[in-house]
Amino acid sequence: MIRKASLGQFLSRNPFPNSLTDGLFYREKMRAIHRVAPVTIEGPGRILEIGGGRSGLASILYPKADIVTLDLDPELGKHQPDWARSTFVCGDACDLPFPDDSFDVATLFDVLEHIEDDRSAAQEALRVVRPGGYVLVSTPHADWHYPYFRIMKPYCPHESELMQEWGHVRRGYRDPELAALFDSAPERRATFINPVTALFHDIAFSRLGRRRRNLLYALAAPITAVGYALHQRSTRGTETAFSWRK
């Protein structure tokens, strides 16, 4: 059996250098994932991080787990974090090269919205997880839009530019759409990036220079801090983390 890292330990590994400003949205994502992830994992503690790239997020969440990171790009195998307890495998999320029931947990963090055949990816994740294991997912909501605030539009790249840069093939999902992909409703869900904290997200991806960004961050910090502190699992959010138990 392995245990999840404490919330403080997990959040302290936010990869963004400015984790409370440019990286606040990622901190929110990490908190939501922590809220839906099981406290303990029975079994040997094998986790498959599908589309994990170079993030090592599963290794931070479960520091003593045996991680397999799978991604389409073989180059990413050369850029795995040196602290991660992981093995890199080049492969397709829609055709996982693993036997049935071979992992305790599979993760799809910000992955499904990049895959045309998302049904196959969801079913493959369920297939390789043992009975009683978990599939953890984070993804934008279908009604998410960028920038959230109209006043930021003159200073932000068009949404289509970001979608292309990020490789999204769809905007995101509504809950019933995800339930259909996984053949059941999730066991847990937790939203992140609410209407208040969304301003920091928009600033982070804007074309504003560092000095103007910092000024806006400073002006918005008090209300944003309140928005972050009061955010609960079911607070209206632009993105959501989910967990399914097989």
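Let me start with Phe25, which is buried at a relative accessible area of 13%, where buried means under 20% relative accessible area, exposed means over 50%, and partly exposed lies in between, using a 1.4 Å probe and protein chains only. Tyr26 is likewise buried, with a relative accessible area of 11%. Before I go on, please keep in mind that this is a predicted model, in which local features need pLDDT of at least 70 and side-chain atom pairs count only at pLDDT 80 or more, while totals for chains, interfaces and linings use all residues. Residues are numbered from 1 along each chain as its sequence is written, and side-chain values use heavy atoms, with hydrogens and water left out.

How many aromatic pairs does a search of the whole structure find? The search finds eleven, where rings of Phe, Tyr and Trp (its six-membered ring) pair if their centres lie within 6.5 Å, and planes under 30 degrees apart count as stacked, over 60 as edge-to-face and the rest as tilted. The rings of Phe25 and Tyr26 have centres 6.4 Å apart and planes at 90 degrees, so this pair is edge-to-face. The rings of Phe242 and Trp244, by contrast, have centres 5.7 Å apart and planes at 35 degrees, so that pair is tilted. Phe242 counts as buried at 2% relative accessibility, and Trp244 is buried too, with a relative accessible area of 2%. Phe25 and Tyr26 also belong to a cluster that ring pairs build together with Phe16, Trp144, Trp166 and Phe205.

Rings can also have a charge over them, which here requires NZ of Lys or CZ of Arg within 6 Å of the ring centre and within 35 degrees of the ring normal. The charged end of Arg31 sits over the ring of Tyr228, 3.8 Å from its centre, and Arg46 lies over the face of Phe103, at 4.4 Å from the ring centre.

Let me turn to the helices, which, like the strands, are DSSP runs numbered from the N terminus (helices H or I, at least four residues; strands E, at least two). Helix α4, residues 118-128, packs against helix α6, residues 175-182, at an angle of about 55 degrees and with the axes 8 Å apart. That makes α4 oblique to α6, since angles under 35 degrees count as roughly parallel, over 145 as roughly antiparallel, 65 to 115 as roughly perpendicular and the rest as oblique. The axes are lines fitted to C-alpha atoms, for helices over the stretch in contact, and angles run from 0 to 180 degrees between N-to-C directions.

Which residues of α4 meet α6? Asp118, Arg119, Ala122, Gln123 and Leu126 in α4 meet Ala180, Leu181 and Phe182 in α6, where contact means heavy atoms within 4.5 Å. The buried residues of α4, among them Asp118, Ala122 and Leu126, pack against β3 (46-50), β6 (103-109), β7 (129-140) and α6.

Finally, here are two single residues. Val36 is found in helix α2, residues 24-36, and is buried, with a relative accessible area of 2%. Leaving out residues up to four places away in sequence, Val36 touches Leu136, Arg188, Arg189, Ala190, Ala241, Phe242 and Ser243. Ile203 has its place in helix α7, residues 198-204, and counts as buried at 1% relative accessibility. With the same exclusion of residues up to four places away, Ile203 touches Met152, Arg213, Leu216 and Tyr217. Ile203 and Tyr217 are 14 residues apart in sequence and 7.9 Å apart in space, C-alpha to C-alpha.
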